[in-house]
Amino acid sequence: MTKLSVNVNKIATLRNARGGNVPDLIKVAMDIEAFGAQGITIHPRPDERHIRYQDARDLKKVVTTEFNIEGNPVKKFMDLVLEVKPTQVTLVPDSVDAITSNAGWDTLKHKDFLKDVIATFKQHGIRTSIFVDANTKMVEGAAETGTDRIELYTESYAKAFMEGNAERSRAGILPFIEAAKVAHSLNLGINAGHDLSLDNIQYFKENTPHLLEVSIGHALICESLYLGLENVVNMYLNKLK
């Protein structure tokens, strides 16, 4: 079964919109685990516009499944990860003002930088993952950095699937199938995330080999507005079997 890690950034966004502590991010994360999710993901940004750095510290005390922290490895982020020591750190090359992640790493251009960052995290026993496009050259470059895993950036697949044409969907997933095969041959674990939803997750899971984990936030929280959080978490778990 592919593991489901729920990104709780949107819960923090809702909380921050009014100040105070409603909804309670920590309780929601604990509830999500109780509903069956196998991980909690956060993506703090330097301006702390949704997840605050203190949230990472507070979540570390209560998360009993896998705890994944995503972000651009600037010094402030690295210091936080080394302090909190999550299960996994996912390196994402997003700019300070990015609304959301919009590209994977150029693992060839930034290989030496990534090697140094990954070596630092691995010295502290933190599993590492690199956010990459479904490009076999970028996967091969990732393997040379010493990372444990890659996270495939799935926006292009989600867009192809949304067009509703079976042939287009098939064409959209082919690069991910190939990237996953190459990653597995290089002993890299395979995660995936971005724009995955109840509509498209099962097709992706059934066609992408060796998929260990997906990280889903925006769609899952939006779907929960209509269907309920516990129900939606279990709907994802059923599709990931």
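Two rings of Phe, Tyr or Trp, the last represented by its six-membered ring, are taken to pair if their centres lie within 6.5 Å. In this predicted model, a search of the whole structure under that criterion finds eight aromatic pairs. One of them joins Tyr157 and Phe161 in a tilted arrangement, with 5.9 Å centre to centre and 50 degrees between the planes. Both residues belong to helix α7 (residues 155–162), where they are four residues apart, about one turn of the helix. Tyr157 is buried, its relative accessible area being 0%, whereas Phe161, at 22% relative accessibility, is partly exposed.

Tyr157 also forms a stacked pair with Tyr203, at 6.4 Å centre to centre and 0 degrees between the planes. This pair links distant parts of the chain, since Tyr157 lies in helix α7 and Tyr203 in helix α9 (residues 201–207), 46 residues apart; Tyr203 is partly exposed, with a relative accessible area of 24%. Together with Phe176 and Phe204, the residues Tyr157, Phe161 and Tyr203 form one aromatic cluster.

Helix α5 (residues 111–123) comprises 13 residues and reaches 18 Å from its first C-alpha to its last, close to the 18 Å expected at 1.5 Å a residue. Within α5, Leu114, Val117, Ile118 and Phe121 are buried; viewed down the helix axis, the buried residues fall within an arc of 95 degrees, and they therefore line one face of α5. These buried residues pack against α4 (75–84), β4 (88–91) and β5 (127–132), while the face turned away from the buried side carries the exposed residues Asp112, Asp116 and Gln123. Helix α5 is followed by Gly125, whose phi is positive, near 75 degrees.

Note on methods: Residues numbered from 1 in each chain as written. Predicted model: local features only at pLDDT ≥ 70, side-chain atom pairs only at ≥ 80, totals over all residues. Heavy atoms only, no water. Helix = DSSP H or I, 4+ residues; strand = E, 2+ residues; numbered from the N terminus. Expected span 1.5 Å × (residues − 1). Buried < 20%, exposed > 50% of the residue type's maximum accessible area, 1.4 Å probe, protein only. Arc of directions from axis to C-beta. Contact = heavy atoms within 4.5 Å. Phe/Tyr/Trp six-rings, centres within 6.5 Å; stacked < 30°, edge-to-face > 60°.
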